[in-house]
Amino acid sequence: LAFALTDAVCSTYLADYMTKNFENVSRFMQILMVLLKFTDSALCNYLCAARVEPFFAISWIITWFAHDIKSIDSVARIFD
């Protein structure tokens with residue numbers, strides 16, 4: 001069941017990010033940093049000064065889609 005749910009999520013909601021390379025993810029992460037600069041420039045400057053790559057947000061992006069799954073048991077299985 002867990003594999004089937006993960007496969008369904010990956011092939012629908014996360015399809016753009018499940019390619020053979022990290023190109024789409026990298027592009028999205030760069031957009032995230034631009035948005036961060038406009039919304040919280042102090043935090044963005046701090047992260048940039050510390051040379052933090054935007055990949056820290058990948059887990060956040062994945063969890064955004066958990067609300068689309070109607071069964072709490074299914075969501076729990078995916079994140080377990």
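Student: What makes Cys-48 count as buried, partly exposed or exposed?

Tutor: The relative accessibility of Cys-48 is 46%. Buried means under 20% relative accessible area, exposed means over 50%, and partly exposed lies in between (1.4 Å probe, protein chains only). So Cys-48 counts as partly exposed. Keep in mind that this is a predicted model: local features need pLDDT of at least 70, side-chain atom pairs count only at pLDDT 80 or more, and totals for chains, interfaces and linings use all residues. Residues are numbered from 1 along each chain as its sequence is written, and side-chain values use heavy atoms, with hydrogens and water left out.

Student: Where does Cys-44 fall, buried or exposed?

Tutor: Cys-44 has 4% relative accessibility, so it counts as buried.

Student: How many helices and strands does the protein have?

Tutor: Five helices and zero strands. Both are DSSP runs, numbered from the N terminus: helices are H or I with at least four residues, strands are E with at least two.

Student: Which residues of helix 1 are buried?

Tutor: Leu-5, Val-9 and Cys-10 are buried in helix 1, which covers residues 2-11. They span an arc of only 130° around the axis, so they sit on the same side of helix 1. The arc is that of the directions from the helix axis to the C-beta atoms.

Student: What share of the protein is buried?

Tutor: Buried residues are 22% of the 80 residues.

Student: Where is Phe-56 found?

Tutor: Phe-56 is in the loop between helix 3 (41-49) and helix 4 (58-64). Its relative accessible area is 31%, so Phe-56 is partly exposed.

Student: What is the phi of Arg-51?

Tutor: It is positive, about 55°, although Arg-51 is not a glycine. Arg-51 is also found in the loop between helix 3 and helix 4.

Student: How do you know whether Arg-51 is buried or exposed?

Tutor: Its relative accessible area is 74%, so Arg-51 is exposed.
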